[in-house]
Amino acid sequence: MEVKTAGSVGEIYRVSGPLVVAEGLKARMYDVCLVEGLMGEVVGLAGDKVLIQVYEDTSGIKPGGKVENTGMPLSVDLGPGILTSIYDGIQRPLPVMKEISGDFIGRGIEAPGIDMKKEWEFKPTVKKGDSVNPGDIIGVVQETKVVEHKILVPPNVEGGVVNEIYEGKFTVRDTIAVLDKGVELKMHHKWPVRIPRPYKEKLPPDVPLLTGQRIFDTLFPIAKGGTAAIPGGFGTGKTVMQHQLAKWSNSNVIVYVGCGERGNEMTEVLEEFPELIDPRTGESLMERSVLVANTSNMPVAAREASVYTGITLAEYFRDMGYDVAVQADSTSRWAEAMREMSGRLEEMPGEEGYPAYLASRLAEFYERAGRVRTLAGSIGSVSVVGAVSPPGGDFSEPVTQNTLRIVKVFWALDTKLAARRHFPAINWLQSYSLYAESLADWFKENVSPEWSDLRTWIMTVLQEEANLMEIVMLVGKDALADNQRVLLEIARYIREVYLSQYAYHEVDTYCSVQKMYDMMKAIKELNDIFYKALDAGRTIDEIENVEGREDFARAKFEEDYKKHLDAAVAKIKANLLGGEA
């Protein structure tokens, strides 16, 4: 972000890591200050003392140093040039920072969030004499090959009648329109990261965010504008799932926030994202993505700012009428940064040392998601998927539990499933979605009236299998009745054929909702065939080892899956029931 200095000057009283206490400084909460040239933010006022969290390394700073208040809150630059960018937690572009200071970011370096010198081709969508209001679209810029950047009247600017509107190539600092009150509009404006951008109304979550992942879209769907948490221990596949969601979800823009992750993991994301091909456009996925990278060795205070930076960028594209998906990886590291700062501020600790306001801060972040009618009248959404990294995979720890009170979808990653090489390693007994009912009508109208019934049937079979497995663990499978063993066999097809999905297989990596329905229906048909065969005198061994089961399992890997699926079902039916209908 770009900082303009305007305000009072004080001096450093005390330094405690990233926390600096200043005196003789006039400041308000969340004002940005420059501490010996380093950017910081006011987080507390105590008498005549001002408490500032500094977003950079404070080593070498000592009492008596200069502190200057800019008089502005922490804000981000909004305009063409955001997409394809890689930022740190306070929207400094990392490639630009590397050019300035090499592989390691030097202290006190500033760089604007977007290129202020690049010229963009601006095409107005309003004409002289038109009346415009806050949030209205006044023109467009082709920012990347796949995303058209819509230039908005800033929400905090009063509207009016357009006196002048220009067309052609401009930098983001050039005036592109003049309103009747002399207000000049540019392609760029700033917005404070801690203040949600306004909209007309929030809409009900009745349109699904389709992910192409069977276990998500079928059993635990998320709505556009919805919130989800994906907690899991080390090695359970959080990052791969984030990649899959970014690549295949039916959203227009992706905002990926790497908040406090290990440097090597973040490097992997930064290297792989530009190489991922967007299946819808054939272009690089970065053409519609923005990455905010704040690794675990970067200053801890900037970690908290990174999630607000990411959600503000997402709201900006939402205001253009786009569907935006925010991947926050991981909110646990954000909470750890809050815990460290809370300790420095000498606040009363809550559970496990986290601050008492942990739940309200998490809620503040997730509540900025939603599907809305924008100020311009179009419909846009921000969907938030927050990865949680509970120590030792313990879901009872405070960050996971407080997140679960807020989000509507819980995708629980299971280390035991990952150890069995079942991916996605989502535990279907622990996970849930509170959107399933509100999305039922969409699936009924757009896929099949049977969708909800099939989903309920699959959930019932998996639950009954879990109950039977307790008996099996005690006395063995042979102690079960034949019809119970048939249920276990059907549950195995659901788990191994339907719920298991291969992220790196060119066909199975993505599954359309029509293919999901066809697969569910085929497994239900197998269920009816197996029970009918049992009634006709077939043994359970014949049912479990029927010829054609491998063909059924392989059908999902074929481009023309429906033909292979139908052929496999017909083969199994013929082998078990002969010519019987």
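Predicted model: local features only at pLDDT ≥ 70, side-chain atom pairs only at ≥ 80, totals over all residues.
The strands β4 and β5 form a hairpin with 2 residues between them, and G47 in the turn has a positive phi of about 65 degrees.

Strand β2 (residues 19-23) is also antiparallel to β5, with 5 bridges joining the two, and here A22 stands opposite V50.

## Buried residues

Strand β5 (residues 49-54) is mostly covered, with 6 of its 6 residues buried, a word that means under 20% relative accessible area, as against exposed at over 50% and partly exposed in between (1.4 Å probe, protein chains only). From β5, K49, L51 and Q53 point one way, whereas V50, I52 and V54 point the other way.

Helix α3 (residues 238-248) has 9 of its 11 residues buried, so it is largely enclosed by the rest of the structure; among the buried residues are M241, L245 and W248.

## Cysteines

C259 counts as buried because its relative accessibility is 1%, and C511 likewise counts as buried at 1%. The structure holds 0 disulfides, a disulfide being a pair of cysteine sulfur atoms within 2.5 Å.

## Basis of the values

Residues are numbered from 1 along each chain as its sequence is written, and side-chain values use heavy atoms, with hydrogens and water left out. Local features need pLDDT of at least 70 and side-chain atom pairs count only at pLDDT 80 or more, while totals for chains, interfaces and linings use all residues.

How values were computed
Helix = DSSP H or I, 4+ residues; strand = E, 2+ residues; numbered from the N terminus. Pairing = 2+ DSSP bridges.
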